[in-house]
Amino acid sequence: MALLMCASSLFASETIEAPLKQENPDNTVFIYGGLNTKSGLIDSAVKTEVLSSEEIEDSHYQNLSEAVSDIAGVSEISVDRRGGAKTALIQGFGENSVLVMIDGTPVSQNSSFGFDLTQISTENIEKIEVIKGGASALYGSQAIGGVINIVTKKPINKRKTFIDLSSSMSADSSDARQVNAKGLYSNRLGGVGHKFTLSYRNQNDYDLNENTYAKDGPKFSKFNGSLYLDKKIQNNTLSLGYLYFNDYVKSTSSKPYGSSTFGEVDNETKTQTHNIKLQNIYKSGSASVKTYINAEFIEDDLNLNDNPKTYFKETHKLTKYDSYRAEVVYDDTIFDNHAISTGLLYKEDRVNQDTITQQTEDIIVEHSDIDHKKVWSLQGYVQDNYFKENYEISPGLRLQYDSNFGYNFAPKVSFSLFNELNDSIESKTWLTIGTGHRSPSIKERYFTMDHSSVANYIVQGNENLRPEKSVSVQLGNKLDISRAHSIHGNIFYNRISDLIETTELPSSNSTKIFSYENFDKVESSGIELGSTLKANSWNTLSLNYSYTETINKQTGLQLVGRPLYTWKAKHSISPTENIQVINSLRYIGRKYTNEENTKVSKGYSSLDTKINYAYNKSINLYFGINNLLNTVKDPSSDTVIAVNDDRPSLGRLFYTGIQLKDF
């Protein structure tokens, strides 16, 4: 959220030289003196995973979800409440506990679930940064699981153009076609930087079993656009940014309307998001003041046809969600070895929700579910990065006043130690201990989500929820060997009181009813291991493994939807100067799908192969096969009993595309 604009790199260079990008084979960023000038994330004692724009382009990622799935310790999970949507899972926590930011500013959750990673296209991404764990004074109460920050591309004194066109087809279904088109233009003229981006993605719905009404894949179209302007005036840099998301998703399921007769039902959702950010950065010597105002407007239009006998949509639910933020951040370097960051933030959320129900052709009922609900909070924070010789200590504190829950203090402290063990081995050890606090969101308090047409269930808000409180501990070490081989390990422990989770309520009919409930005590613990070997400039291998247990201490059972372990392997090789081959192998372990831990979604492996051919400096041709092993879930069936199977809904997928750069 807050960027540390200070000159601590000056005293950092007097002690330990910060490694350059090419000196870190796994693209890890270590932040010495509390500042990494190329990064939007700051947490000196935490290993920051970084995925660059070059890797994104080389791996043909079309959206943020595909990109983060290759980052160590991060998993993507499907959202049953909307076909095709995915959220991030970090150290056992996701959906509502992972903070997603664009250029250091948080983006709001969608109106019916956590932030959908698939809605962000990749043409505007300079890098993706991930910090795992929740011990930070700078990122706010939502970052209990971790932080994903998207650093967007900025105009330079040179015209930049980029176009990427691709299409794909499944070996299992001729209907499962996807078309992707995205482009970027940026330049700087007369001292004014300007940038425009556009992207369009479209997929047809598909069915792996044509003998059923239920379809395995949704139909969707996603349109993104952005505009960015900046101008430097003396000591001030003024910028204006605008983001636009337009998503359309249609899921098809089935529902019984007789003793053994099923019919087709549809869930159709249209979501529009407008995000406007005005920012000014004033710099004077080592000090800077950043001021920004951010407004985000989301309109979620849900249409349900949950009666197979009717031709009209029985339910139309319109949700309008507005979010406003104003923040001032002051950063300075004092006494040559203290990088101070302090800020003040005001945040306000407003929501309205109306439902129109058509019971017959002539009877239409309008109802206001949420009438001008508003919550607000005032937050202040301070963090000091004290750097001396080969160690750094970073104490921090966040004070929050919430309109519904009053005051809360969240202190944290982190420690990191840097050593050169010999001429070829460098070491970093980190320890972070901190507390967190997250108030229930508007969604969790008030939203009513009727998805009986898709999965025969309804989710209701709970106004009696209590805030979550957390303690996070991260302890790890990383070794860089001869600047070509790195090994890292991290053990973590997170304890959350009153964790907010969905739970099933008693129902008088076949429709399941869920609501949100506080779990008194939940503990997440595990280990993360990784290694990257860059044998030479054209041959790189990376391996990552994570094991995570997320336990409800009241029952002693695992929370649902969390894989116990995952491992990832990625190998990139360039046999010739203009050919690159990338192979990615992932294994996602089994996970429990009910609170009693009696139902399990099987673990599975997925292998992707990607080939790049650089025709010249401006033209890159590419080809790929996703899910080469053809791992696929069982086809959807017409049944009233939900089947939990998180394996891929598509098997082997072939695609081809072209990238045009600076033409």
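**Close-up views of the predicted model**

View 1. Lys521 is partly exposed, at 33% relative accessible area (buried is under 20%, exposed over 50%, partly exposed in between; 1.4 Å probe, protein chains only). This is a predicted model, so local features need pLDDT of at least 70 and side-chain atom pairs count only at pLDDT 80 or more, while totals for chains, interfaces and linings use all residues. Residues are numbered from 1 along each chain as its sequence is written, and side-chain values use heavy atoms, with hydrogens and water left out. Lys521 makes a salt bridge with Glu523, with 3.6 Å between the closest N and O atoms (a Lys or Arg side-chain nitrogen within 4 Å of an Asp or Glu carboxyl oxygen). Glu523 is buried, at 17% relative accessibility.

View 2. Glu49 and Lys132 form a salt bridge, their closest N and O atoms 3.3 Å apart. Glu49 belongs to β2 (residues 48–52) and Lys132 to β8 (residues 125–132), so the pair ties together parts 83 residues apart in sequence. (Strands are DSSP runs of E, at least two residues, and helices are runs of H or I, at least four, numbered from the N terminus.) Both ends are tucked away: Glu49 is buried at 6% relative accessible area, and Lys132 is buried at 7%. The structure holds 26 salt bridges.

**View 3. A salt bridge within a loop.** Asp634 pairs with Arg647 in a salt bridge, with 3.7 Å between the closest N and O atoms. Both sit in the loop between β35 (619–626) and β36 (653–661), 13 residues apart. Asp634 is exposed, at 52% relative accessible area, whereas Arg647 counts as buried, at 15%.

**View 4. The open sheet β3-β4-β5.** In this order, three strands form an open sheet with antiparallel pairing (strands pair if DSSP finds at least two bridges between them). β3 (74–78) and β5 (93–94) stand at the edges with a single partner strand each, so one side of each has no neighbour in the sheet. Five bridges join β3 to β4 (residues 86–90), and Glu76 stands opposite Ala88 in β4.

**View 5. Phe93 and its surroundings.** Phe93 is found in β5 and is buried, at 1% relative accessibility. Beyond its neighbours within four places in sequence, its contacts include Ala88, Val98, Gly145, Asn494 and Leu499 (heavy atoms within 4.5 Å). Phe93 and Leu499 are 406 residues apart along the chain, yet their C-alpha atoms are separated by 9.9 Å.

**View 6. An aromatic cluster.** Tyr346, Trp376, Tyr401 and Tyr407 form one aromatic cluster. The whole structure has eleven aromatic pairs (Phe, Tyr and Trp rings, the latter by its six-membered ring, with centres within 6.5 Å; planes under 30 degrees apart are stacked, over 60 edge-to-face, the rest tilted). In one of them, the rings of Trp376 and Tyr401 have centres 5.6 Å apart and planes at 45 degrees, so the pair is tilted. Trp376 lies in β19 (residues 364–388) and Tyr401 in β20 (residues 391–402), 25 residues apart. Trp376 is partly exposed at 29% relative accessible area, and Tyr401 is partly exposed at 27%.
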